[in-house]
Amino acid sequence: MMRTRPLKVALLGCGVVGSEVARIMTTHADDLAARIGAPVELAGVAVRRPSRVREGIDPALVTTDATALVKRGDIDVVVEVIGGIEPARTLITAAFEHGASVVSANKALLAQDGAALHAAADEHGEDLYYEAAVAGAIPLIRPLRESLAGDKVNRVLGIVNGTTNFILDKMDSTGAGYQEALDEATALGYAEADPTADVEAFDAAAKAAILAGIAFHTRVRLDDVYREGMTEVTSADFASARQMGCTIKLLAICERAADGGSVTARVHPAMIPLSHPLASVRGAYNAVFVESDAAGQLMFYGPGAGGAPTASAVLGDLVAVCRNRLSGATGPGESAYAALPVSPMGDVVTRYHISLDVADKPGVLAQVATVFAEHGVSIDTVRQQGKDGEASLVVVTHRASDASLTGTVEALRKLDTVRGVASIMRVEGE
């Protein structure tokens with residue numbers, strides 16, 4: 001039997017995502033009520049610019065006083081889609097204190113203060129759901145947190161930023177340079193006017209922190225994630241990748257150590273074989289591989305951003321939270337019992353592709369090989385091309401630690417025959 005008294009929802013933010021949340025709540029109201037067991041009512045919308053026309057939203061619901069809205073006491077669920085650290089953190093905490101559960105899409109806040117927010121939710125007996133914070137419409141957090149709760153996740157590997165994937169895909173498929181591809185992404189609305197959060201991998205790093213924390217039952221903060229942007233990737237790097245049968249993607253990689261005693265989380269450009277499923281992820285799409293003991297390899301694929309896709313994830317959380325509220329229960333909270341240490345990037349072991357500019361004369365290869373050997377880095381393949389006294393030397397290593405590779409490169413720079421290190425890129429997915 002359906003309850004007639006509606007569950008009241010406060011919406012913080014009414015931009016691209018927020019407006020879609022409001023639209024779906026209105027147009028799908030009957031279906032949502034049937035799925036939840038009670039109607040849901042948009043009780044207030046907090047915005048910064050109240051004079052702006054918002055189609056489909058009653059102007060009487062619009063307010064600039066977000067604090068008063070979340071403290072009303074009759075609000076059942078607060079949907080936070082304003083982003084950033086403040087005032088979002090204060091508003092979410094206030095919502096818990098005044099008896100409301102929270103649905104958020106705020107990856108930056110969750111990556112920085114997720115533990116404190118979970119603690120506040122637990123203290124007040126409320127829910128904190130955030131499927132939309134990672135990979136847009138793709139169901140990823142709930143499968144990790146619930147569907148795989150009985151399994152042991154060992155690795156999460158994926159493309160979690162659509163803007164960077166669009167840029168790298170354009171560079172690969174058309175031969176465009178980085179700036180040209182970025183300009184196209186901006187013109188099409190995939191990149192912000194200031195693309196720093198995307199291209200310098202801050203966005204992906206926040207998502208990696210959230211995924212690693214859930215996957216490994218360990219608190220992983222944004223500061224724990226190694227981050228390397230993609231602004232230095234060149235057309236020459238793609239040419240080298242093609243010669244290896246690879247392409248280049250900006251990857252978020254969260255791994256459990258082989259001995260199970262620690263975890264790592266990192267985001268950086270990497271070469272991956274064309275045979276790997278992630279190599280075929282085109283445009284602004286996202287895809288994430290999850291590897292676990294019992295389930296094996298799972299792949300999640302779909303649109304990772306945009307108003308409607310992200311709103312889909314928000315509404316999925318809203319339905320779950322409302323059901324919990326009706327039943328007097330709460331969903332799963334933070335699981336950090338494992339408390340595994342997060343290893344530094346220097347301990348990470350992977351393959352490397354190193355491109356060197358060297359003098360084209362006898363003995364250069366032997367000198368370079370000696371440096372690699374002295375630092376315990378085994379060489380897989382070497383390719384050398386020379387002309388007019390200068391040469392390009394490409395070395396692909398077997399698996400080596402980041403620290404040993406760093407020492408190798410420092411030693412290479414000291415050789416008189418090495419003119420410069422053109423590029424260094426990790427090779428993943430073998």
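This is a short chat about local features of one predicted model.

Visitor: Where should I start? Which way do the residues of β9 point?
Guide: Start with that strand, residues 246-256. Cys246, Ile248, Leu250, Ala252, Cys254 and Arg256 point one way, while Thr247, Lys249, Leu251, Ile253 and Glu255 point the other way.

Visitor: And how many of the β9 residues are buried?
Guide: 11 of its 11 residues are buried. That covers both sets of side chains, including Arg256, Lys249 and Glu255.

Visitor: Why the two directions?
Guide: Side chains in a regular strand alternate between the two faces of the sheet.

Visitor: Which strand joins β9 over 11 bridges?
Guide: That is β10, residues 263-273, and the pairing is antiparallel. As one example, Ile248 has Met271 in β10 as its bridge partner.

Visitor: What about β7, how many bridges there?
Guide: Strand β7, residues 153-159, is joined to β9 by 4 bridges, and these two strands also run antiparallel. Gly158 stands opposite Ala252 of β9.

Visitor: What sits between β9 and β10 in the hairpin?
Guide: There are 6 residues between the strands, and Gly260 in this hairpin has a positive phi near 75 degrees.

Visitor: Changing topic to helices. Where is the kink in α5 centred?
Guide: On Asp113. The helix covers residues 107-123, and the kink is about 85 degrees.

Visitor: Is Asp113 buried or exposed?
Guide: Asp113 is buried. Other buried residues of α5 include Leu109, Leu110, Gly114, Leu117 and His118.

Visitor: What covers them?
Guide: The cover includes helices α4 (88-97), α6 (141-147) and α10 (202-216), along with strand β6 (128-129). Just after α5 comes Gly125, with a positive phi of about 70 degrees.

Visitor: Now α2. Which residues are buried there?
Guide: Leu32, Ala33 and Ile36, in a helix that runs over residues 29-36. Viewed down the axis of α2, the buried residues fall within an arc of 100 degrees, so they line one face of the helix.

Visitor: Which residues other than glycine have a positive phi?
Guide: Ala201 is one of them, at about 70 degrees. Ala201 lies in the loop between α9 (196-199) and α10. His217 is another, with phi near 50 degrees, and it is in the loop between α10 and β8 (226-227).

Visitor: Why do Ala201 and His217 count as buried?
Guide: Buried means under 20% relative accessible area. Ala201 is at 0%, so it counts as buried, and His217 counts as buried because its value is 17%.

Visitor: Where is there a cis peptide bond?
Guide: Between Glu86 and Pro87, with omega about 10 degrees. Pro87 is in the loop between β4 (77-80) and α4.

Visitor: Last one: is Glu180 buried or exposed?
Guide: Glu180 is exposed, because its relative accessible area is 53% and exposed means over 50%. Glu180 is in helix α8, residues 178-187.

Definitions and conventions: Residues are numbered from 1 along each chain as its sequence is written. This is a predicted model: local features need pLDDT of at least 70, side-chain atom pairs count only at pLDDT 80 or more; totals for chains, interfaces and linings use all residues. Side-chain values use heavy atoms; hydrogens and water are left out. Buried means under 20% relative accessible area, exposed over 50%, partly exposed in between (1.4 Å probe, protein chains only). The bend at a residue is the angle between axes fitted to the seven residues ending there and the seven starting there. Contact means heavy atoms within 4.5 Å. Two strands pair if DSSP finds at least two bridges between them. The arc is that of the directions from the helix axis to the C-beta atoms.
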